[in-house]
Amino acid sequence: MDSFKKMQGLVAPLDRSNVDTDQIIPKQFLKSIKRTGFGPNLFDEWRYLDHGEPGMDNSGRPLNPDFILNEERYRGASILLARDNFGCGSSREHAPWALLDYGFRVIIAPSFADIFFNNCFKNGILPIILDAATVDKLFADVAENPGYTLDVDLEKQTIVTPDGEAIAFEVDQFRKHCLVNGLDDIGLTLEHVEEIRAYESRRQNEAPWLFQSAENQ
C-alpha cells in the first residue's frame, strides 16, 4: 500500500447523500479480486448512459453529461467532496479499490458508513470527517472557483484552502500510523516477522509433533 503523508489535489464535488457501495461500483464488477482496473467503472450507472458489464471497452461508451465527474473542470480530481453517510450499503472492499484506481486519495464528508470508512484506511485512502457547515462551505467554494484545490497534510492533520485557511481534522492515531507508513494488514504483520519466526522456532522445539508432515506420521 502506498503511504500517505500530504498532497495537493483538485476537488470534485459529489452533492448526494447516502451514496452506497453499489452506486460506487455496481455488483456486476465484483467478479475480480485483483484490486486494480475498477476505476473506469467507478459510479458506472451515473457516469455512463448505457449499461456496463465487465470487459467492455469503456472508451467508446456514451458519457452522461449531467454527472459531475464527466465535467472537464473536474478531470484529474484526487479529492472527493461528499455528503452524509458516504459508502453505506454492502461491505464490498471493491468500493475503495474503484475510488483509488480512479485517482481519489482523499474523501471529505460529514459522515461515512463504518465498514467503508475502515476499508478506506486499509487501502490507502484518507477519509476525513468535517462538520456539515464546513462541508457546505467547501461545496460553495468549489462551485464558485474552477480548479479549486486543497492541501491535505495527514501528519499535521490539517486541510489548507487556497486562501490560506487551515481546517483541522481528527484521525485515529493507529490508522494515521498505518497510512503514513503505507501499512495494510499484511504490512503490519510483516513488521513483526522476526518475532513470528522466533515463536515458530520455539514452538517447533516445544512441540515437534505439530510440525510433522502427514507423510512422516
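Is W46 buried or exposed? W46 counts as buried, at 17% relative accessibility (buried is under 20% relative accessible area, 1.4 Å probe, protein chains only). This is a predicted model: local features need pLDDT of at least 70, side-chain atom pairs count only at pLDDT 80 or more, and totals for chains, interfaces and linings use all residues. Residues are numbered from 1 along each chain as its sequence is written, and side-chain values use heavy atoms, without hydrogens and water.

**Aromatic pairs**
- The structure holds 10 aromatic pairs (Phe, Tyr or Trp rings, the six-membered one for Trp, with centres within 6.5 Å).
- One of them joins W46 and F67, tilted, at 6.1 Å centre to centre and 50° between the planes (stacked is under 30 degrees, edge-to-face over 60, tilted the rest).
- This pair links distant parts of the chain, 21 residues apart: W46 is in helix α2 (residues 44-47), F67 in the loop between α2 and β2 (79-81). Helices (H or I, at least four residues) and strands (E, at least two) are DSSP runs, numbered from the N terminus.
- F67 also counts as buried, at 1% relative accessibility.
- Ring pairs join F86, F112, F116, F117 and F121 into a cluster.

**Charges over rings**
- R16 places its charged end over the ring of W46, 4.0 Å from the centre (CZ of Arg or NZ of Lys within 6 Å of the ring centre and within 35 degrees of the ring normal).
- Y48 has R61 over its face, 3.8 Å from the ring centre.

**Strand pairing**
- Strands β3 (residues 106-109) and β4 (residues 126-129) pair in the parallel sense over four bridges (DSSP must find at least two).
- Opposite I108 stands I128 in β4.

Definitions and conventions: Buried means under 20% relative accessible area, exposed over 50%, partly exposed in between (1.4 Å probe, protein chains only).
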